Amino acid sequence: MQSEFTPPASPRASLPPSEPRSLRTPLGPSNLPPEQVIGHGPSAPHLSLSSVGVGTVTGDSIKVCVRVRPISKYEQDDSEKMIVRMPPEGPTKLSKTVILMNPNDSSSGAAKSFSFDRAYWSAKPSDAHFVSQETLMEDLGYELRNNALEGYNNCLFAYGQTGSGKTFSVLGSETPPENRGLLPRIIEDIFKTIAELKDDPNDSSTFITSVQYLEIYNEQIRDLLASEESESKTKLEVRSHPKVGTYVAGVKDVPVFEWQDVKGWLDFGVQSRAVASTVMNATSSRSHCIFTLEILRTVTRPKGPPVTLRSKVNLVDLAGSERQKKTQATGSRLKEGGAINQSLSTLALVISKLADTKAGEKKKAKDRTADFVPFRSSKLTFLLMDSLNGNSKTVMIAALSPAGSNYDETLSTLMFAQSVKAVKTNARKNENVEDSLISDLEAECERLRQMVQSGAGANEQQQELAAIEELARKYGRDFESQLQLANQLKDQRESLLEDAGLTSMEMSESVGLDSSTPQLLNVCYDPELNGCLIY
């Protein structure tokens, strides 16, 4: 996964200290113990769970934000014009308006104006309304964190052409630390909050957390946390369950207990993806990448059985949305681009259909086929079905290039983002009395076993049975089982890294050096190059 731009540290638009960074808390009664508060740090919000209702459903529109990167060096060398403007608004200097100018038409009527939930100006660090990675975390990250710990599913996905800054917003870079993206900041903040709750004598919560990391390349799903041997044996398919939502059957679900665990697996996935990129002749922009953190929070109540809050945090880095002509691709790369464009075209069609539906367009019974939303036409849209139309609080970041040569791609991105504004999701709090989900899954397994034994649709039912049994095992593991599995998978990860020659010691030996020889190992903002060169 490649970080696409890296602005230097500089002044930024900041939120006033008096403005709380808390989310909209749904109203309603609760089965949770009163006055349970989560949050940490002077700038982090405090979140009361006592006001959150059981099974509360919120019909929120997808929050659409756009962000523009700086002009790159080669664009400066080509004397490219800056065609994007985001005028600052209000005391925070943060904008909601994007003005796009046509580089071939200087008349005032040629400029196009768009309005979004937020427009982040990251083009000139010296500007007072410059938005840094930290501002992005304050404006979006804390809300996503709170949603997850309340029991709501979250999705953040980045859309835009290659080189527009999608991956920088989501992943960022480790060096310098202020350039870290939303994914590491949100995940680390979640684990800091969990650690504080464990130390709070007034809180009865226990947590089980796990991660998944996969990519979709040419309509094939690849598990970035699995070995090549296990990949070849397991065909990954997207499935849907009424209580769990959409999920990938067969993907490795890795238990994690702190941020460093997550970081280790995230780095492993990036390195695994880099190796695959060499073999498949693909770069990070040629595949869709999805990282998922799942949280199970069990709260003991003074009366009644414990309550479990279950949530997912999906962070999605989509492939570049530029036209094939722009890439100058030929041969197999052109076919690869066709598959990518097909999935993104399906995504655009799904968004269009959802926007029409949410706008309240009523069609006659004979025209109901026009209301059909083709989620299953692409594995990307099927996997994102809940995030786009179901049980999720979703944020989209549209990444923009400010250069005049990218006018068509920037306009296309803005028009797509405009259509997403009309789409609403129906997020609900995933709250269950403990063991109810496991009991339901076990009952479903028994029903499927009987169907398999009777010979009704044997092959299809066997695949479904295996998927449900996997879910039952996943949600039925206790803390000790999770810890044991985590240690086993960690040992496997280290072994795979050594076999792949990706450890620093292995790299040293490959060029004839030993540990006693002075050497330099590169540190790069690009995760695919970081730690991959030795001098």
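Let's start with one pair. D189 and R145 form a salt bridge, and their closest N and O atoms are 2.6 Å apart. This pair links distant parts of the chain. D189 sits in helix α4, R145 sits in helix α2, residues 133-150, and the two are 44 residues apart. Both D189 and R145 are buried.

Before going on, a reminder: what you see is a predicted model.

Now the overall picture. The chain has 535 residues, and 53% of them are buried. It holds 15 helices and 18 strands. Take the contacts with a separation of 6 or more: 74% of them join residues 24 or more positions apart. As for the surface, the chain exposes about 24000 Å². Carbon and sulfur atoms supply 51% of that.

Back to helix α4, the one that carries D189. It runs over residues 182-199. How far apart are its end C-alpha atoms? They are 26 Å apart. At 1.5 Å a residue, the 18 residues should span 26 Å, so the two values agree. Is α4 enclosed or open? Of its 18 residues, 13 are buried, so the helix is largely enclosed by the rest of the structure.

More on salt bridges. Side chains of opposite charge can pair when their charged atoms come close. In this model the count comes to 12 salt bridges. Here are two besides the opening pair.

One is K73 with D77, where the closest N and O atoms are 3.3 Å apart. Both residues lie in helix α1, residues 73-77. They are 4 residues apart there, so about one helical turn separates them. Are K73 and D77 buried or exposed? Both are exposed.

Another is K235 with E237, at 3.5 Å from N to O. K235 is exposed, with a relative accessible area of 66%. E237 counts as partly exposed, because its relative accessibility is 27%.

On to the rings. How many aromatic pairs are there? The count comes to 4. F114 and F116 make one of them, and this pair is stacked. Their centres are 6.4 Å apart, with 15° between the planes. F114 and F116 are both buried. W265 and F268 make another pair, this one edge-to-face. Here the centres are 5.7 Å apart and the planes are at 85°. Both residues belong to helix α6, residues 259-280. They are 3 residues apart, so about one helical turn lies between them. W265 is buried, at 4% relative accessible area. F268 is buried too, at 6%.

Some rings also have a lysine over the face. K421 lies over the face of F116, at 5.8 Å from the ring centre. So F116 has two partners here, because it is also stacked with F114. K393 lies over the face of Y152, at 4.9 Å from the ring centre.

Last stop: L400. Where is it? L400 is in strand β16, residues 393-400. K393, the lysine over Y152, is at the other end of that residue range. L400 is buried, with a relative accessible area of 0%. Leaving aside neighbours within four places in sequence, L400 has contacts that include V66, V68, V84, M86, V98, S164 and L414. What about T162? L400 and T162 are 238 residues apart along the chain, yet their C-alpha atoms are separated by 9.8 Å.

How values were computed: Residues numbered from 1 in each chain as written. Predicted model: local features only at pLDDT ≥ 70, side-chain atom pairs only at ≥ 80, totals over all residues. Heavy atoms only, no water. Buried < 20%, exposed > 50% of the residue type's maximum accessible area, 1.4 Å probe, protein only. Contact = heavy atoms within 4.5 Å. Areas by Shrake-Rupley, 256 points an atom, 1.4 Å probe, with all protein chains shown as cover. Phe/Tyr/Trp six-rings, centres within 6.5 Å; stacked < 30°, edge-to-face > 60°. Lys NZ or Arg CZ within 6 Å of the ring centre and 35° of its normal. Expected span 1.5 Å × (residues − 1). Salt bridge = Lys/Arg side-chain N within 4 Å of Asp/Glu carboxyl O.
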